[in-house]
Amino acid sequence: MNILITGCNGQLGTEIRNLSLEHPAHTYFFTDVAELDITDRGAVAAFVRDNAIDLIINCAAYTNVDRAEEDEATARCINAASVENLALSGARIIHVSTDYVFSGDEHLPCREEDPVAPRTAYGRTKLEGEQLLLKACPEAIIFRTAWLYSPYGNNFVKTMLRLGGEREQLAVVYDQIGTPTYAADLAMAIFAAVEAPEWHAGIYHFTNEGVCSWFDFTVEILRQARQIGMGPILCKTVKPILSSEYAYRTPRPHYSVLDKAKVKQTFGIAIPYWTDSLRECLERLNA
Ligand SMILES: NC(=O)c1ccc[n+]([C@@H]2O[C@H](COP(=O)([O-])OP(=O)(O)OC[C@H]3O[C@@H](n4cnc5c(N)ncnc54)[C@H](OP(=O)(O)O)[C@@H]3O)[C@@H](O)[C@H]2O)c1
């Protein structure tokens, strides 16, 4: 297949590029905004036509949750209208969405068919993207993910490593529960969908296995970083705090664990436990 990857310089796009080396049967077209701005419908249509693209893996997105509150129009343009541009191009699509389509008020892992109720501009625009995509291209595959991190770009793991190296104490919320997702593992799941003998259209939830709070995540990041000799780690105490004690600019879901039964059953994949994947990421960062 001729496969177009949009947003290829982001966290997920970079891991897709890394993993593509293990799937050499396809021809890949890696693009970010400089090569192909997905807000430009004509450019998307021309690129797909001129390069005979069979499949688009859309890794492009407006991912800054706080900034989206102030500039919902731009977030909507990239997360919704542009997804429709891709959907109308005629190629098959694998798209990536978010746990923020849910309210975060539930106390059980969210399944794909559970009611959506986004509480943020980011969540609203990502949900609109899903809806526009499925309307124009009902055969699309959508992976909803959460708490994405990798050795690349800005993410929670890299922020905590930096702060842990600068401060003796960190205060982190323990009343927001979810599951981290190592972008390399999500890339693995996406390739499982690409290489599946049949195309399985639909929405799938994907994170790592397990459940934790941001507080637990931080403790584990610093514990493992010390264990493998990353450093120096100055931080001696991680203090658990409530969301109400932290000056959030945007409301955050209290519980956004995703149920992954469907993705595991459909694509026959095993998903690593979150602390094991964290170890792999830290070892790569340390190398
Ligand atoms: N990060 C998370 O915690 C998280 C959680 C849940 C779901 N997700 C979803 O997972 C997917 C991948 O996220 P990620 O963290 O890998 O994102 P990322 O690192 O922010 O990468 C997104 C990439 O898209 C590019 N881009 C922005 N506008 C574009 C445009 N108009 N045309 C082409 N490319 C454009 C960005 O370029 P610039 O950097 O120049 O803007 C960036 O390289 C996204 O769909 C995101 O919504 C992420």
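User: What angle do helix α4 and helix α5 pack at, and how far apart are their axes?
Analyst: Helix α4 (residues 72-87) and helix α5 (residues 121-136) pack at about 15°, with axes 8 Å apart. Axes are lines fitted to C-alpha atoms, for helices over the stretch in contact, and angles run from 0 to 180 degrees between N-to-C directions. Helices are DSSP runs (H or I, at least four residues), numbered from the N terminus. This is a predicted model, where local features need pLDDT of at least 70, side-chain atom pairs count only at pLDDT 80 or more, and totals for chains, interfaces and linings use all residues. Residues are numbered from 1 along each chain as its sequence is written, and side-chain values use heavy atoms, with hydrogens and water left out.

User: Parallel or oblique, then?
Analyst: α4 and α5 are therefore roughly parallel to each other. Angles under 35 degrees count as roughly parallel, over 145 as roughly antiparallel, 65 to 115 as roughly perpendicular and the rest as oblique.

User: What is the make-up of the contact of α4 with α5?
Analyst: The residues in the contact of α4 with α5 divide into 10 nonpolar, 3 polar and 6 charged. Nonpolar covers Ala, Val, Leu, Ile, Met, Phe, Trp, Tyr, Cys and Pro; charged covers Asp, Glu, Lys and Arg; the others, Gly among them, are polar.

User: Switching to the ligand. How many residues surround it?
Analyst: 25 residues surround the ligand (a heavy atom within 4 Å). The closest are Asp32, Asp37, Thr63, Tyr122 and Lys126.

User: Which of these touch α4 from α5?
Analyst: Tyr122 and Lys126 are among the α5 residues that meet α4, with contact meaning heavy atoms within 4.5 Å.

User: What is the distance from Asp32 to the ligand?
Analyst: An N or O atom in the Asp32 side chain is 2.7 Å from a ligand oxygen atom.

User: Which backbone atoms come up?
Analyst: A polar backbone atom of Ala61 is 3.4 Å from an oxygen atom of the ligand. For Val96, a polar backbone atom is 3.2 Å from a ligand oxygen atom.

User: Back to helices. How do α1 and α7 cross?
Analyst: The axes of helix α1 (residues 11-20) and helix α7 (residues 183-195) come within 8 Å and cross at roughly 60°. That makes α1 oblique to α7.

User: And what classes of residue are in that contact?
Analyst: The contact of α1 with α7 has 10 nonpolar, 2 polar and 1 charged.

User: Where do the axes of α6 and α10 come?
Analyst: The axes of α6 (residues 156-166) and α10 (residues 274-286) come within 12 Å and cross at roughly 60°. The contact is made by Val157, Lys158 and Leu161 of α6 and Leu278, Leu282 and Leu285 of α10.

Notes. Helix = DSSP H or I, 4+ residues; strand = E, 2+ residues; numbered from the N terminus. Polar contact = N/O pair within 3.5 Å; in protein donor to acceptor, adjacent residues only side chain to side chain.
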